Amino acid sequence: MESNQLAGGSPSLFGNRVFQAIIMSGLFLQIGIWVRNFAVLLFVMEQTKGDPFAVSMISVAEFAPIFIFSFIGGTFADRWRPKRTMVWCDILSAISVFAVLVTLMFGTWQVVFFATLISAILSQFSQPSGMKLFKMHLPEEQIQAGMSVYQTVFAVFMVLGPILGTFAFQAFGINISIAITGMAFLLSAAALAFLPQDRVMEEENRTTSLWEEMKSGIKYVLNKKELSQLGLCFLAAGLGLGFVQPLSIFLVTEQLGLPKENLQWLLTANGIGMIIGGAGVMIFAKKVPPQKLLIFGMLANGIGLAVMGLSTNLWLTLGAEFLNGLMLPCIQIGINTMILQRTESAFIGRVNGILSPLFTGSMVLTMSAAGILKQQFSLTAIFESAAILFIIGLLFILPIYNMKLEQKQGVLGSQD
């Protein structure tokens, strides 16, 4: 029986000790990550005079670990105690950042790439452990609201993060910015110290090898229809987002005929929409099932992308961008909640490690092809294709919606 089933009634979400610790840790991590990302970006551009290859290597350092380590990290997260895993990942990230700082002081600027690479690798072990804690310590009825608050923190930093990171670099320079990153990781580890002590988990007593557990994780996803359908939804959404992310600047310059600086207004509209959307889901979390959130979010984003591809009016484009941001938390929260509800605790890490690379990998694939496709096809055709991919993703998850309705009474009873 999971510890989230409390005999004497459940405390409120914000009174839950585990939830408080995870949110505080998330706040510190977001500060560290955004200061690091923008400080490194601006520093590399300064050092290389804007060399495209050097700048692109920052993205490689950030995304490559997801492909290489996500499934491995998820498997280890299922074997290890979650609190200890998360604390040690934050401490090791801080140590690596301070090591980079020492090296920087001796003049080897290229090591800044490792600040991103090492902490990105460690996050592949830490992040699934955080989801495991949600599953273990939050009552079933609080999981969706908890994920809503967690995603809203990410949404807020989508708006404030670039401002914070740029300010830190311009005001203090690369050395202090890297030091701030290291301190933020240590504060995250300190926040996690308030988590309840890890209990000895059944997974630690197993005799199976790492390879056998990885294979069992793949079989688990393939044998659970709802998880495999979610994977196909991830794939379609990633392909769609990858098409449009690098080309948003051309919506401003070509479609709207405005200076490139106006891109900031589209990003701001999207970010504000994400904050409001996350807060809205948090308010209605108990009333709206996750499958409805997911379906509604996919449909709204498909419509928003279609409008953006056709619009030649700034306000209409801003409205569509706001709609996309508003409904994106519905997709993220719906998917994460369904993963937590439909996955046994012993497989949370591996399921997350399989599904996350599907989304990121498909997005990077179409991001890589976006520039070439832009030369062959119109901007409108590319955005409409992205909208169609979201509708295809929606079709993949319709069977999940029906199945959840049929099995609604059996879901809670099926939890360990």
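**Helices and their packing in a predicted model**

Reader: In which helix is Leu398 found?
Author: Leu398 falls in the stretch of residues 379–413. This is a predicted model, in which local features need pLDDT of at least 70, side-chain atom pairs count only at pLDDT 80 or more, and totals for chains, interfaces and linings use all residues. Residues are numbered from 1 along each chain as its sequence is written, and side-chain values use heavy atoms, with hydrogens and water left out. Helices are DSSP runs of H or I of at least four residues, strands are runs of E of at least two, and both are numbered from the N terminus; the one that holds Leu398 is H13.

Reader: Is Leu398 buried, partly exposed or exposed?
Author: Buried means under 20% relative accessible area and exposed means over 50%, with partly exposed in between (1.4 Å probe, protein chains only). The relative accessible area of Leu398 is 35%, so this residue is partly exposed.

Reader: How far apart in space are Leu398 and Leu294, C-alpha to C-alpha?
Author: In sequence, Leu398 and Leu294 are 104 residues apart. In space, their C-alpha atoms are separated by 9.8 Å.

Reader: How many helices are there in the protein?
Author: From the N terminus on, the elements run α-α-α-α-α-α-α-α-α-α-α-α-α. The protein has zero strands, and its helices number 13.

Reader: What share of the contacts with a separation of 6 or more comes from residues 24 or more positions apart?
Author: A contact is a pair with heavy atoms within 4.5 Å. Among contacts in the protein with a separation of 6 or more, residues 24 or more positions apart account for 89%.

Reader: Which residues of H10 make the contact with H7?
Author: The axes of H7 (residues 225–244) and H10 (residues 290–310) come within 12 Å and cross at roughly 20°. Axes are lines fitted to C-alpha atoms, for helices over the stretch in contact, with angles from 0 to 180 degrees between N-to-C directions; H7 and H10 are therefore roughly parallel to each other (under 35 degrees; over 145 is roughly antiparallel, 65 to 115 roughly perpendicular, and the rest oblique). From H7, the contact is made by Leu230, Cys233, Ala237 and Val244. From H10, it is made by Leu294, Met298 and Leu305.

Reader: How far apart are the end C-alpha atoms of H4?
Author: The expected span of a helix is 1.5 Å times one less than its number of residues. H4 (residues 112–137) has 26 residues, so it should span 38 Å. This agrees with the distance between its end C-alpha atoms, 37 Å.

Reader: On which residue is the kink in H4 centred?
Author: The bend at a residue is the angle between axes fitted to the seven residues ending there and the seven starting there. In H4 there is a kink of about 35°, centred on Ser123.

Reader: How many residues of H4 are buried?
Author: H4 is largely enclosed by the rest of the structure. Ser126 is in helix H4, and it is buried, with a relative accessible area of 8%. Of the 26 residues of H4, the number buried is 20.

Reader: Which residues of H12 make the contact with H4?
Author: H4 and H12 (residues 348–376) pack at an angle of about 130°, with their axes 9 Å apart. They are therefore oblique to each other. On the H4 side, the contact is made by Gln127, Pro128, Met131, Lys132 and Lys135. On the H12 side, it is made by Ile348, Gly349 and Asn352.

Reader: At which residue does H12 bend?
Author: H12 has 29 residues and reaches 42 Å from its first C-alpha to its last, close to the 42 Å expected. The bend is about 45°, and it is at Ala370.

Reader: Which residues does Asp90 touch, not counting those up to four places away in sequence?
Author: Asp90 lies in H3 (residues 82–105) and counts as buried at 4% relative accessibility. Its C-alpha is 5.5 Å from that of Ala189, 99 residues apart in sequence. The residues that Asp90 touches are Ser25, Leu29, Phe185, Ser188, Ala189 and Leu192.
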